[in-house]
Amino acid sequence: MKIALAWVFPEGAAGGTPPPPAGHPLVGELLPLPAGEGESGRQVEEVIRRVKSPWILWCHAPYRADFLSGGLEALLAAGEERGAAWVYGDCRDLREAGPRERPLCDYQEGSIRDDFDFGPFSLIRVEAARRALAETGSLLPTTRSGLYDLRLRISQFSLPRRVPRVLSEERILDTRASGRKQFDYVSPRARLLQKEREEAATAWLKRTGAWIPCPGRTLSPGEIEEDRPVTASVVIPFRNRARTIGDALESALSQETDFPFNVLAVDNFSTDGGGEILKDAAARDERVVPVVPPREGLGIGGCWNLALASPLCGTFAVQLDSDDVYADEHTLQRMVDKLREGPYAMVVGAYRLVDMEGREIPPGVVDHREWTDENGPNNLLRVHGVGAPRAFARAVASSLGFPDVSYGEDYAMALKVSREYWIGRIWEPVYLCRRWEGNSDADLDPADLSAKHFYKDGLRTEEIRARRRRNAHGG
């Protein structure tokens, strides 16, 4: 059996050497695609229409990737044996520091993010692609999102399948830490591409019954107002943040408001002296309320649930991570004013990325402008997060509950809130996100990063199914 090889080549390199798999005995057809239009909706659909081979090997990393011995054969065998429509396998990164295996995620129904890592190669069954187009219609007229659109359409009938072994290797050109790469999609330079991907993902949600109308509802006064000891609580969960917890507490206490507030700091059994810093702050200022978990092992989400359930928690609960500080003394007032304006169940601000000395670092202001009044809750399923700082009506957040994990707990809450309620936004930076080597996502190992992505994809899967149930019952 011969397969076709498709790849997008750099401009000006059309006559250059094809990527290494082109010389493989299994490769029959060569389908070089120009960079300017290689993954446009029109170009991808044209490839599917005219290819003669039963499989297309799509090369995502031309000129810097190749299969290990027997890798392509194993990928093709897995596709044939499993009857899969889209197949991919784990890979190995070639770095200056030496090779490193990169295990990938299994694909789920909720894996609709456009940066899903398939490694350097995907094997696509042509018959399945043609069926998907026949059932769902032509690809959208995008400039760089045709393959993403095709993948979503194919996944309606057959989810991509992963071969859990290293089949290929790729020379990594982008050597930035994971903590830096995660902000790429919010760059203003990516806006046009993000709008294309949003259009494709929204169309998929509509076709599969998971799209919800926008905006959601705001709260009634009776749902938001409570008889609580203070109007607002700043919630700071932490463990082993002796270097930064003092700054966070000082920032919270410096807030100037026209309402009473306190600071619920949840010390999750710190062993580095952070707990003593909290006790000293509480001794100096009665607004600081140490919260002690009943047991070890809680995640950040579990600590949030503990704070929300505290009889000392205010009507509103406002996030402040132990690494970070508010932009100025007015942040808390602005967040609460916005919550009351709706009234909203949740409000999200914008933040500025800085180093530990407060100097701005790329990409600077992160405001998540991909959220729109017209489609925010739907597009949230495609992207990695909702932004910061986050503030909640305590009654709503407490009733929904955070998952007891330390990664993605905020994203899970935003998904649940946005299914029913409208989320208010503040577009100016009111928060300083401080990046340092101690950040939990500063530079994740590939296996750890893959596990975290898999968890978030699972959240999306659960939310997509919940929204379908909601729609089936008339909202």
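Reader: Is Asn 240 buried, partly exposed or exposed?

Author: Asn 240 counts as partly exposed, because its relative accessibility is 26%, where buried means under 20% relative accessible area, exposed over 50% and partly exposed in between, with a 1.4 Å probe and protein chains only. This is a predicted model, in which local features need pLDDT of at least 70 and side-chain atom pairs count only at pLDDT 80 or more, while totals for chains, interfaces and linings use all residues. Residues are numbered from 1 along each chain as its sequence is written, and side-chain values use heavy atoms, with hydrogens and water left out.

Reader: Where does Asn 240 lie, and what is its phi?

Author: Asn 240 sits in the loop between β9 (232–238) and α8 (245–253), helices being DSSP runs of H or I with at least four residues and strands runs of E with at least two, numbered from the N terminus. Its phi is near 55 degrees, which is positive although the residue is not glycine.

Reader: And what about Phe 269, which has a positive phi too?

Author: For Phe 269 phi is about 60 degrees, and this residue is not a glycine either. Phe 269 belongs to the loop between β10 (261–267) and α9 (274–284), and with a relative accessible area of 27% it is partly exposed.

Reader: Switching to peptide bonds, which ones are cis?

Author: One of them joins Gly 342 and Pro 343, with omega at about -10 degrees, and Pro 343 is in the loop between α11 (331–341) and β14 (346–354). Another runs from Ala 388 to Pro 389, with omega near 0 degrees, and Pro 389 is placed in the loop between α12 (376–379) and β16 (390–393).

Reader: How many disulfides turn up?

Author: A search of the whole structure gives zero disulfides, a disulfide being a pair of cysteine sulfur atoms within 2.5 Å.

Reader: How far is Cys 433 from the nearest cysteine sulfur?

Author: For Cys 433, which is in no disulfide, the nearest cysteine sulfur is that of Cys 303, 19 Å away. Cys 433 is buried, with a relative accessible area of 11%.

Reader: Stepping back, how many helices and strands are there?

Author: The protein has 15 helices and 17 strands. Of its 475 residues, 57% count as buried, and the C-alpha trace spans about 75 × 55 × 40 Å along the principal axes.
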